[in-house]
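Hello,

Here is the structure I promised to pass on. My notes follow below it.

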Amino acid sequence: MKYPRIHTSLPGPRAAAMIALDHSFVSPSYTRLYPLVADSARGLWVSDPDGNVFLDFTAGIAVCSTGHCHPRVVQAIKEQADRLLHMSGTDFYYTPQILMAQKLASLKPVEGDAKVYFGNSGAEAVEAAFKLARRHTRRELNIAFFGAFHGRTMGALSLTASKTIQKKNYNPMVPGITHVPYPNCYRCPWGLSHPACGLACVNWLEEMLFRTTVPPEEVAAIFVEPIQGEGGYVVPPAEFHVELSKLARKYGILLVADEVQSGMGRTGNMFAMELFGVTPDIVAVAKGIASGLPLGAMIAPAQIMDWEAGSHASTFGGNPVACAAALATIQLLQESLMANARTRGAQLQQGLIELQKEIECIGDVRGRGLMIGVELVKDRATRERAGDRRNAVIQQAFRRGLLLLGCGENTIRFCPALTISEEEANVGLEIFAEALRAVEA
Ligand code: PMP
């Protein structure tokens with residue numbers, strides 16, 4: 001077992017040279033919080049060009065779920081790369097895309113016989129769902145949630161409402177989208193607490209929104225993340241999705257589950273909606289689906305996936321190498337990794353709840369499987385937001401060799417590879433505790 005040594009001067013000279021080049025040539029719009037230059041990686045361990053080693057609790061933003069460079073994924077990629085790199089599913093057939101579609105359909109994310117549309121990213125999967133819902137229902141309005149992140153293409157961005165900076169200077173958005181409060185029980189928009197609230201968040205949609213502003217018979221789809229990702233790893237109360245899905249059904253509205261971050265095993269289930277006992281009408285997946293190769297998929301029942309030839313497509317979508325990686329990924333998830341996500345997720349959550357007893361600024365620990373959020377606060381009683389403290393903790397963790405990412409305003413997300421061992425989970429918890437103590441001091 002490696003234990004990352006304390007890194008005193010980061011970035012090292014080789015990393016610093018790369019960062020200078022990046023600043024000259026790469027789009028400056030990224031939000032990097034610390035100077036990690038990833039050079040090579042295996043499992044949960046990432047090395048930089050100066051030989052520093054880091055324990056990765058980000059999995060490349062919840063993507064490398066089988067661990068970095070899993071040998072079976074790499075083997076599948078090599079074999080496919082030797083055979084066929086590209087042909088474009090828009091105009092030709094090729095085996096890995098067909099087999100991957102069959103595989104996804106067999107996982108039963110939607111009712112009945114599913115069909116699959118492939119893109120290259122989460123945004124493309126959501127964008128496809130947005131267009132499909134519009135053409136299938138012939139309705140023009142949509143509902144999405146505050147705190148939601150659905151991607152940065154114009155349709156997906158219009159559905160997004162997690163940070164103003166993402167929309168600033170890009171208005172006007174696609175018209176017809178109404179954002180409504182997400183059920184964040186730690187910061188309930190109605191100041192209520194569950195279950196006494198009687199699920200005010202769902203009732204409000206029917207009793208207020210549909211009665212006063214948005215005619216439900218004009219709504220094509222409700223876009224919802226089963227567990228909100230970029231918005232802060234927010235887990236809704238158990239019955240929320242069931243009630244939301246009943247409401248959608250009542251008015252002929254399609255329920256679109258954006259499982260881009262929560263899906264493909266991350267929560268210990270193939271799809272996070274399984275946790276809530278809900279089968280949505282349309283599902284979008286990406287991120288962890290192909291262990292790091294670009295692939296997004298939109299899955300819907302055959303009767304909803306009713307667009308005619310030429311209506312929507314992507315040259316690179318469903319690339320053969322990405323599909324080969326995805327098939328190997330799903331096999332690994334089913335063999336053991338979803339089970340491991342449940343066990344190690346429970347271990348991490350338990351460790352974080354223990355830590356909360358000692359460390360005052362841990363306001364909330366929440367999540368499912370290996371999608372865990374730790375919300376930091378200035379004061380646990382008032383839940384006043386932590387301000388800069390969250391980023392300071394992430395930076396202190398980096399100095400100590402642990403890679404973390406934020407989400408929401410105050411939350412640190414734990415989304416390591418699903419291959420994480422008991423020991424790696426303990427090392428991560430230990431470094432996280434040290435980082436928190438350093439900032440508290
Ligand atoms: N939906 C969700 C829930 C996401 O978390 C993300 C990415 N963070 C996206 C969509 C967009 O995915 P991509 O960056 O691959 O376009």
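Start with the meeting of the two domains: 30 residues of domain 1 are in contact with 24 residues of domain 2. Contact here means C-beta atoms, placed from the backbone, within 7 Å. On the side of domain 1 that touches domain 2, α9 gives the most, with 6 residues. That side divides into 13 nonpolar, 10 polar and 7 charged residues. (Ala, Val, Leu, Ile, Met, Phe, Trp, Tyr, Cys and Pro count as nonpolar; Asp, Glu, Lys and Arg as charged; the others, Gly among them, as polar.)

This is a predicted model: local features need pLDDT of at least 70, side-chain atom pairs count only at pLDDT 80 or more, and totals for chains, interfaces and linings use all residues. Residues are numbered from 1 along each chain as its sequence is written.

Domain 1 covers 13-71 + 333-438, and domain 2 covers 87-318. The bounds come from an automatic or database domain assignment. Their centres, taken over C-alpha atoms, are 26 Å apart.

Helices are DSSP runs (H or I, at least four residues), numbered from the N terminus.

Last, a helix pair. P96, Q97, L99, M100 and K103 in α4 meet P320, C323, A324, A326, L327 and I330 in α9. This contact divides into 9 nonpolar, 1 polar and 1 charged residue.

Best wishes

Note on methods. Helices (H or I, at least four residues) and strands (E, at least two) are DSSP runs, numbered from the N terminus.
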